[in-house]
Amino acid sequence: SDLVFEMMSSPPLNLLEPLGIEPERFMNFLALIRQSYHSHNPYHNFHHAFDVTQTLFSLILSSNFCHYLSTLDLFSLLLSALCHDVDHPGTNNLFQIATGSEMSLIYNDIAVLENHHLYKSFKIAKETKVFDTMKKEQFLSMRAMMVSNILGTDMSLHFESTNKLRQRIRMAKMGEEHAIRFETWEEELLGTKKEAREEKMWVSKMILHAADISNPCKHWELAKPWCDRVGEEFCKQGDLERKMGLTVSLNMNRETFNQAQMSIGFIDYVCEPLWDALADLFPELRDQYNILEHNKAKWKEILESKNSKVEG
């Protein structure tokens, strides 16, 4: 949490003072957010939250996206990353619904975990009074952005959102109407193009979503341990499903779990389309896409080696 504080309060961003946020209250808020993550989760713990925040910080600074974001935009986006999995139980939305959990009843089976993460985050904010010194309109704008960003991490929205992004980028290349146009974002930043606000919020949540699933875009030495953690958390859910007499979810059966096959499928169908689109939108991110391709080749080698041993 100390590193997050430095990230958001120091150069080059310096986000707290312009928004009137008191450093001591913000530190208290960060400490409680960290405590609200469950360290016994192999994957969805504070390490993941920090990793996504740091990844997003790097993506923002390394691309021209940062030129179109106000101080409030940047603060809201980074805070969304830090809070996006607060109080995660280590099981997914489908598990909450299948077991009729308290959270699924509260949120009517819709974005169960994402809604809960938002509730916990703003409950902690209220307890620490961290945002009480912000102007009311700034707070309301920040809250709207955080709600949009964190709800946007719901994996059930991934394919529809990614296809929409790819379509808008294709339209931009062809010079068609309704394409993503950065010049309108600049006007919105100056307060003269309010209709661009919704589009910028949409791209912001896509970038947070990309950071959330960015493990395969990191060098192998980092990507592999993260994949190990995902696999263990999946298998723990599968163990629980079997114990409860439920159908064991896809890729969560410890007895048949195939890490390489799961990773290749995740890259092919989930990561690649989104990161390829983002690299078209922000060419500075093409390096991450290339690392993704390298890691896929590595997983294919591992899978082929495993299959050869079985055949032998």
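**Helix packing, pocket and cavity**

Modeller: In this predicted model, the crossing of H9 and H13 is left-handed.

Biologist: How are the axes of H9 and H13 oriented to each other, and why?

Modeller: The axes of H9 (residues 158–173) and H13 come within 10 Å and cross at roughly 30°. Angles under 35 degrees count as roughly parallel. H9 and H13 are therefore roughly parallel.

Biologist: How do the residues of the contact of H9 with H13 divide into nonpolar, polar and charged?

Modeller: H9 contributes His158, Phe159, Thr162, Leu165, Arg166, Ile169 and Lys173 to this contact. From H13 come Tyr269, Val270, Pro273, Leu274, Ala277, Leu278, Asp280 and Leu281. The residues of the contact of H9 with H13 comprise 10 nonpolar, two polar and three charged.

Biologist: Which helix gives the most to the lining of the largest pocket?

Modeller: The largest pocket has a volume of about 1,300 Å³. Its lining holds 44 residues, and Asn92, Met155, Val230, Phe234 and Phe266 lie nearest the centre of the pocket. At least two lining residues are supplied by each of H5 (93–99), H7 (112–128), H12 (220–243), H13 (259–281) and H14 (286–311). With nine residues, the helix that gives the most to this lining is H12.

Biologist: How many residues of the lining of the largest pocket are charged?

Modeller: The lining of the largest pocket includes 20 nonpolar residues and 18 polar ones. The number of charged residues in this lining is six.

Biologist: From which helix does the largest share of the lining of the largest cavity come?

Modeller: The count comes to one cavity of 30 Å³ or more, and the largest cavity has a volume of about 70 Å³. This cavity is lined by Leu69, Asp73, Ser76, Leu77, Met145, Asn149, Arg197, Lys200, Met201 and Ser204. H4, H8 (136–151) and H11 (196–212) each supply at least two residues of the lining. The largest share, four residues, comes from H11.

Methods: Residues are numbered from 1 along each chain as its sequence is written. This is a predicted model: local features need pLDDT of at least 70, side-chain atom pairs count only at pLDDT 80 or more; totals for chains, interfaces and linings use all residues. Side-chain values use heavy atoms; hydrogens and water are left out. On a 1 Å grid over the protein atoms alone, a cavity is a set of points where a 1.4 Å probe fits but cannot get out, and a pocket is an open set with protein on both sides within 12 Å along at least five of seven lines; lining residues have an atom within 4 Å of a point. Grid points are joined across faces, edges and corners, and a volume is the space filled by probe spheres set on the points. Ala, Val, Leu, Ile, Met, Phe, Trp, Tyr, Cys and Pro count as nonpolar, Asp, Glu, Lys and Arg as charged, and the others, Gly among them, as polar. Axes are lines fitted to C-alpha atoms, for helices over the stretch in contact, and angles run from 0 to 180 degrees between N-to-C directions. Angles under 35 degrees count as roughly parallel, over 145 as roughly antiparallel, 65 to 115 as roughly perpendicular and the rest as oblique. A crossing is left-handed if the near helix is turned anticlockwise from the far one by less than a right angle, and right-handed if clockwise. Contact means heavy atoms within 4.5 Å.
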